Amino acid sequence: NPNWSAPVLRVATTSFIVPVRVYDIDLASGERTLLREQAVLGDYRPEEYVERRDWAVAPDGARIPISIIHRAGLEFPAPTLLYGYGAYESSEDPRFSIARLSLLDRGMVFAIAHVRGGGELGKPWHDDGKMLKKRNTFSDFAAAADELVYSGWTTRDRLAISGGSAGGLLIGATLNLRPDLCKAAILYVPFVDVINTMVDESLPLTTGEFLEWGNPKKEAEYRYMLSYSPYDNIRATTYPNILVKTSYNDSQVMYWEPAKYVAKMREVGKAPSLIFKTNMAGGHGGSSGRFDVLRERAFDFAWLIQKLS
């Protein structure tokens, strides 16, 4: 509260299945008053959905948290979308999504792998997934996908993975590491041409990113980045179905990065289906209009459902 002498504390709460709720808490009595709840059309009831936590074990023994959301009463194995990011010490906190209900109501599981490089388990969690330890992020994500399969949540041919920006790098690198991991993958505005971007100091973000990825002018860091850069490690093997989305006006990940990635994947890789979709008006976050955003989500979800059915 801006006013230090205010008699109430205003707080907002949410979870993967509970819409945003705003409360005033009386500091004298402890009484809590609900002021507002995010509106959800269609007689939404949180008790009809389940959110839970699972854990995967990485190759080096680290335990990787996985958030899992699905509709109550769902039979397993079920089609599953696994999302990841894992960079900049950014935490994938529980957030309610109205659009995500469209997938859950169609019998899909939504999961988040809280891989190293993020900040969910503190600063050491970030440090163990950046610079010369970045490959931990990718093996963590693969371990999370394996856990979902081995524990019976889903099967290989009903599993999709997705991530955007630095999370797109995560997906691209994981596909090179484990092309057998899943049936489909979505890469949003993906940072996939690591070397060429990081050597170009004319780009506004490059030099500041040296602390996250490394400086390619240093041989050890260059060779390490080259070992996982998605564009540089595409190989002649069978990949899953892939959807790559970019924006022409993206100032953070230039559109030519994913364009180059798709061109090389079509030439070298063997993906059954590979779609490259460019938003000619959007930026790094895609479309900005309320209904344009929903149309984009509908396209993604329709593609996912088609590939996993």
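Begin by selecting lysine 264 and tyrosine 231, where the lysine lies over the face of the tyrosine ring, 4.7 Å from its centre; a charge counts as sitting over a ring if NZ of Lys or CZ of Arg is within 6 Å of the ring centre and within 35 degrees of the ring normal. Before going on, note that this is a predicted model, in which local features need pLDDT of at least 70 and side-chain atom pairs count only at pLDDT 80 or more, while totals for chains, interfaces and linings use all residues. Residues are numbered from 1 along each chain as its sequence is written, and side-chain values use heavy atoms, with hydrogens and water left out.

Next, select arginine 116 and tryptophan 125: here the arginine lies over the face of the tryptophan, at 5.9 Å from the ring centre.

The structure holds 10 aromatic pairs, where rings of Phe, Tyr and Trp (its six-membered ring) pair if their centres lie within 6.5 Å, and planes under 30 degrees apart count as stacked, over 60 as edge-to-face and the rest as tilted. Select phenylalanine 138 and tyrosine 228, whose ring centres are 5.3 Å apart and whose planes stand at 55 degrees, so this pair is tilted. The pair links distant parts of the chain, since phenylalanine 138 is in helix H3 (residues 135-150) and tyrosine 228 is in helix H7 (residues 219-228), 90 residues apart; helices (H or I, at least four residues) and strands (E, at least two) are DSSP runs, numbered from the N terminus. Is phenylalanine 138 buried or exposed? At 3% relative accessibility, phenylalanine 138 counts as buried, a word that means under 20% relative accessible area, with exposed over 50% and partly exposed in between (1.4 Å probe, protein chains only).

Then colour the strands and look for the open sheet, in which 8 strands follow the order S4-S5-S7-S6-S8-S9-S10-S11 with mixed pairing; two strands pair if DSSP finds at least two bridges between them. At its edges, strand S4 (49-57) and strand S11 (274-279) each pair on one side only. Inside the sheet, select strand S6 (residues 80-84) and strand S8 (residues 159-164), which pair in the parallel sense over 4 bridges.

Finish at tyrosine 44, in the loop between strand S3 (32-37) and S4, which counts as buried at 14% relative accessibility. Leaving aside neighbours within four places in sequence, tyrosine 44 is in contact (heavy atoms within 4.5 Å) with Ile17, Pro19, Tyr49, Phe96 and Leu101.
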